[in-house]
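Okay, thanks for coming, everyone. I'd like to walk you through one model today, starting with some charged side chains and then moving on to strands and helices. Have a look at it first.

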Amino acid sequence: MRDIFWIHPDAVKLINACNLVFLIDNTYKTNRYKLSLLDIVGVTLTGMTFSAAFAYLEGERPNNVVWALQRFRGLFLGRDALSGVIVIDRDLALMNMVKTIFLESMNLLCRFHIDKNVKERCKTIVGQRNAWDYVMEAYGSLVDCPSEQ
């Protein structure tokens with residue numbers, strides 16, 4: 001056995017009932033078995049999260065991840081039940097695979113990872129503490145703005 005895809009039977013019901021947003025993350029060989037873990041989390045209409053599925057993958061090769069994403073896609077009972085939004089970190093390989101498997105879904109980047117990257121980049125540019133606070137406050141206001149204007 002090389003790859004394992006796990007899902008609880010109740011999660012299949014949740015996947016089809018709460019199919020608006022899913023978060024997908026792939027961690028590479030951080031467990032004691034040195035296997036990649038593809039974790040898929042769903043979001044309910046009340047904003048609660050649930051473990052939709054996860055897969056231990058033998059390698060980091062694209063075909064392993066594609067296989068797991070295809071298993072996940074196969075859980076949706078109808079074409080209209082497919083996920084509307086899939087949120088992922090900036091793993092370029094995963095982004096491309098999600099685009100090919102979930103053509104109908106909108107793919108978004110995780111805000112946590114965007115914020116983390118902005119802070120890292122700003123640290124090298126902004127040196128003074130009071131300027132740092134001002135830049136981060138302005139960035140937060142921009143991101144939390146209720147409209148595009």
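Before I get going, one cut-off: buried means under 20% relative accessible area, exposed means over 50%, and partly exposed is whatever falls in between. And keep in mind that what you're looking at is a predicted model.

Let's take R111 to begin with. Its relative accessibility comes out at 42%, so by that cut-off R111 is partly exposed. Which residues does R111 pair with? One partner is D115, in a salt bridge where the closest N and O atoms sit 3.6 Å apart. D115 is at 19% relative accessibility, so D115 counts as buried.

The other one I want to show you is D144. Its side chain meets that of R111 in a salt bridge too, at 2.9 Å from N to O. This pair ties together distant parts of the chain: R111 is in helix α4, while D144 is in the segment after α5 (129-143), and they're 33 residues apart. So what do you get when salt bridges share partners like this? You get one network, made of R111, D115 and D144. As for D144, it has 52% relative accessibility, so it counts as exposed.

In total there are 5 salt bridges in the structure. I'll show you one more, between the side chains of K13 and D10, at 3.9 Å from N to O. Both residues belong to helix α1, residues 9-17, and they're 3 residues apart, which is about one turn of the helix. Is K13 buried or exposed? It's at 60% relative accessibility, so K13 is exposed. D10 is at 42%, so that one is partly exposed.

Okay, on to the strands. In a regular strand, side chains alternate between the two faces of the sheet. Now look at β5, residues 85-88: V85 and V87 point one way, I86 and I88 point the other way, and all of them are buried.

What does β5 pair with? There's β2, residues 21-27, in the parallel sense over 4 bridges. There's also β6, residues 106-109, again parallel and over 4 bridges.

If you trace the chain from β5 through helix α3, residues 92-101, and into β6, you've got a right-handed β-α-β unit.

Last bit, helix packing. Two packed helices are described by the angle between their axes and the distance between the axes. For α2, residues 62-73, and α3, the axes come within 10 Å and cross at roughly 40°. That makes α2 oblique to α3. And the handedness of that crossing? It's right-handed.

Note on methods
Residues are numbered from 1 along each chain as its sequence is written. This is a predicted model: local features need pLDDT of at least 70, side-chain atom pairs count only at pLDDT 80 or more; totals for chains, interfaces and linings use all residues. Side-chain values use heavy atoms; hydrogens and water are left out. A salt bridge is a side-chain nitrogen of Lys or Arg within 4 Å of a carboxyl oxygen of Asp or Glu. Helices (H or I, at least four residues) and strands (E, at least two) are DSSP runs, numbered from the N terminus. Buried means under 20% relative accessible area, exposed over 50%, partly exposed in between (1.4 Å probe, protein chains only). Two strands pair if DSSP finds at least two bridges between them. A crossover is right-handed if, with the strands pointing away from the viewer, the path from the first strand over the helix to the second runs clockwise. Axes are lines fitted to C-alpha atoms, for helices over the stretch in contact, and angles run from 0 to 180 degrees between N-to-C directions. Angles under 35 degrees count as roughly parallel, over 145 as roughly antiparallel, 65 to 115 as roughly perpendicular and the rest as oblique. A crossing is left-handed if the near helix is turned anticlockwise from the far one by less than a right angle, and right-handed if clockwise.
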